[in-house]
Amino acid sequence: MSRRPKRRHTPIVVAVWAGVAIAFFALPFIGILVRAPWGDLPDVVTDRAVRRALWLSLRTSFVASLIAGILGVPLAWVLARLEFPGRSVVRAIATLSMVLPPVVGGVALFTSFGRRGIVGQYLDDWFGIRLPFSTAGVIVAQTFVAMPFLVLAVESAFRQLDTRYEEAASTLGARPFFVFRRVTLPSVRPALVAGLVLAWARALGEFGATITFAGNLPGRTQTMPLATYLALESEPERALVLSLVMIGISFAVLLGLRERWLTTALPEVRT
Amino acid sequence: MTLVARFTLRRGTFESSIDLTVGDDEVVAVLGPNGAGKSTLIRVVAGLEAIDDGMVSIDGRVLDDPEKSVFVDAADRGVGVVFQSHVLFDHLSVEDNVAFGLRARGARRRESRAQIHEVLRRFDLLDLAPRAPRTLSGGQSQRVALARALVTSPSVLLLDEPTAALDVSTRREVRRELRRHLAEYGGSTILVTHDPLDAYTLADRIVVLENGMITQMGKVDEITSRPRTRYVAELVGNNLVLGVATGTTITSETGVQLGVAESWNGPVLATIRPQAVTISRTPDALTSSRNSWPMRITGIESSGERARVHLTGPLDLVGEITDRAVEALGLRIGDEVTASVKATEIEVYER
C-alpha cells in the first residue's frame, strides 16, 4: 500500500518569522549600500592609508587562522580522543575567549604577553620580542579570539569519525602519526576547512582585543575594523566605504566556500 | 606460520574463552551467530583488542601475553585484515589504497610502483587503479580490500564476514575469487562468517563459536554429519536429539523414546537426516519403522522439487519429502500427521 505523500505545507508562522530574520540581517547591509558615497569609492580604495589597513588585515587574519589551525588541530584531537581528568576544564579554557568580551581578552593578553606581563617580560629580556603595538601582537590577539571556532569545528569532526578507518590503517603497518596524517586528517578535511574559514572571519573582524593589546598604529597595527571605527568619528563617508570593502571580501569568501560548508553539514552516510 | 590464540577476554558482561590453533596454509572458518564473539577474535589477533588472560602468538613470536606485559601493536604484527564493509580510504584512489601498507612502512612511490602494479594485475584491478573507492561495486571493493591486506605479505590473514556486505548475486563470484586467492596465499587464514556456505566452500576446517566459546571444531563433513549443538544442527539442516541411551533405546531430554540400531549407554547425541523422515496420513499404519509419533505441521518450504516440512509433537523435526508427495497427501500447515523414522536411519554418537 503506497499513498502519495501530501504536498508539504509550509507553516506560515515559521515562514514569516524566517522572513523577519532575513530582513534583520539584510537591512543593515542595504543601509550601507544606500548611503555609501559610491563616487568616493575609487578614491578611498586607492588611498594609501586604506590600502595599508586592508593589506594588514588580510595578512594578519590569514596568518592568525593558519596558526589557529597548526595549534588548534592537535588540541581538538586531544579534546576529542583522550580521556583525562579535567578535560571539560581544558575545553572551557580553550573556548573561553570565544564568549569573553574581546576587550577583556585584550587586557588578559596585556597582563601575560605585555612588556611587563608574566611571560612578556621574559620574551623581551631574553629574546627581545615585544608583542604589544606590533603586527605580531595583532596576530596574537586575532589567534586568541579566533582559535576556539576552529577547535570546536574540528573536535566535533574528530569525535564523529569512524575509528575503523584508523584501525584498518594500523593493521596495515601505519604508525600513529602516519595514521593521523594520512587517514585521520584527510577524513576531517571539510570540518577543517570550515573551521579555518570561521577562524579567519573572526580574525578579520577582530577589534576589541586588537586595539587593547596591539594599539592603533597605522601601517603596523591598524587593521580595517580599527580604521573603520576611527573614520566614523571624523569622516563617516570613509567609514562607509571601508565597511563596504570588508563586506565585499567576506561575502565573496562565504559564497566561494558554500560547497565545503554543505559537505560539513551533511556528513557522508556509510553502512 | 602457525597462529596460536588461547585467551580469555572480558568486556562487561561478555566473556570469551578461546583456544584455537591455525596451521600454515590452513583456512579456518569461524562460524557462529551474531554476538558470539567472532569479531572479537579477529580484533584480538589483529591487535585491536587486548586479552585479559592467556596468550596470542604467531610462529612462536608472542604478540599478547598480559602475564608478561607483552603487547605488540597492530602495526607490528604482520596480520592482514579484510574488514566487514571493507573500510577503504575514500580520500585515496584504489591504487593508493592498495599501496597504503607499503607507504606506511616507508616505501617511496617510485620504489613500490612495480610491486603495486603486479598486485593490481593479480587482483584484476589495473583498470580500477585511478578510481575512488566509493564508485566501486561491492565485489570490486572486496577485491581492493583483499589486495590491500595482502600487499605486505602478512603471515596471518583475517577476513571478517567477507560476503556479508554483498548482494546475493555477487556472493558466489566473490567466493570463487576468494578461493583462488586463498589458495595462492600461503599463510594462516581465519575467516569469520555466519554464512555456512562461506565456510563449506572456503575453509579446510570449521570452528563453531557460540556465546564466546568454541562449541565444535572439525572438518566440514564432521560438522554437517555430527553436529554437537542445536545451532550447528539447524545451520546444516539436520535434526539433533540430545538424550541418554540404554541399549537400543534413547530417552530424549523431553522424555521421548527413540529406537536405534546400535547399542549405546550414557549421554548421546542422535541425528536424523530430514530425508529419513517419513510422513503419513494414517495414524496406525503398519510399517517397519520403530519410531513413529503424532505430529502437527508448522511449516512447509518448497524449493520446486523437494519440500522441507517442519513438524512439532513430542519432539521438533524437519522432514524432507518430494513436492509430489506433499501434493499427493494434500499436506497443509496445521494438519495432523504421523512422522516415522527407521531405527537404522538414526545416527548416534557420544555427547
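Visitor: What makes up the contacts in chain B between residues at least 6 apart in sequence?
Guide: In this predicted model, 65% of those contacts join residues at least 24 apart. A pair counts as a contact because its C-beta atoms lie within 7 Å.

Visitor: Which residues does Leu158(B) touch, not counting residues up to four places away in sequence?
Guide: Leu158(B) touches Ile42(B), Val45(B), Ala46(B), Val79(B), Gly80(B), Val81(B) and Ile190(B). Leu158(B) is also among the residues that touch the most other members of the largest nonpolar core, which has 78 residues. Others in that group include Ala29(B), Val30(B) and Leu191(B).

Visitor: How is chain B divided into domains?
Guide: Domain 1 of chain B covers 3-232 and domain 2 covers 237-350. Their centres, taken over C-alpha atoms, are separated by 40 Å.

Visitor: How many residues of the two domains are in contact?
Guide: Four residues of domain 1 of chain B are in contact with five of domain 2 of chain B. On the domain 1 side, one is nonpolar, none is polar and three are charged.

Visitor: What secondary structure does chain B have?
Guide: Chain B has nine helices and 19 strands, and its C-alpha atoms fill a box of roughly 80 × 50 × 35 Å along the principal axes.

Key:
Residues numbered from 1 in each chain as written. Chains lettered and ligands numbered in written order. Predicted model: local features only at pLDDT ≥ 70, side-chain atom pairs only at ≥ 80, totals over all residues. Core = buried A, V, L, I, M, F, W, Y, C linked by C-beta atoms within 7 Å. Buried ≥ 20, exposed ≤ 12 C-beta atoms within 10 Å, placed from the backbone. Domains from an automatic or database assignment. Nonpolar A, V, L, I, M, F, W, Y, C, P; charged D, E, K, R; others polar. Helix = DSSP H or I, 4+ residues; strand = E, 2+ residues; numbered from the N terminus.
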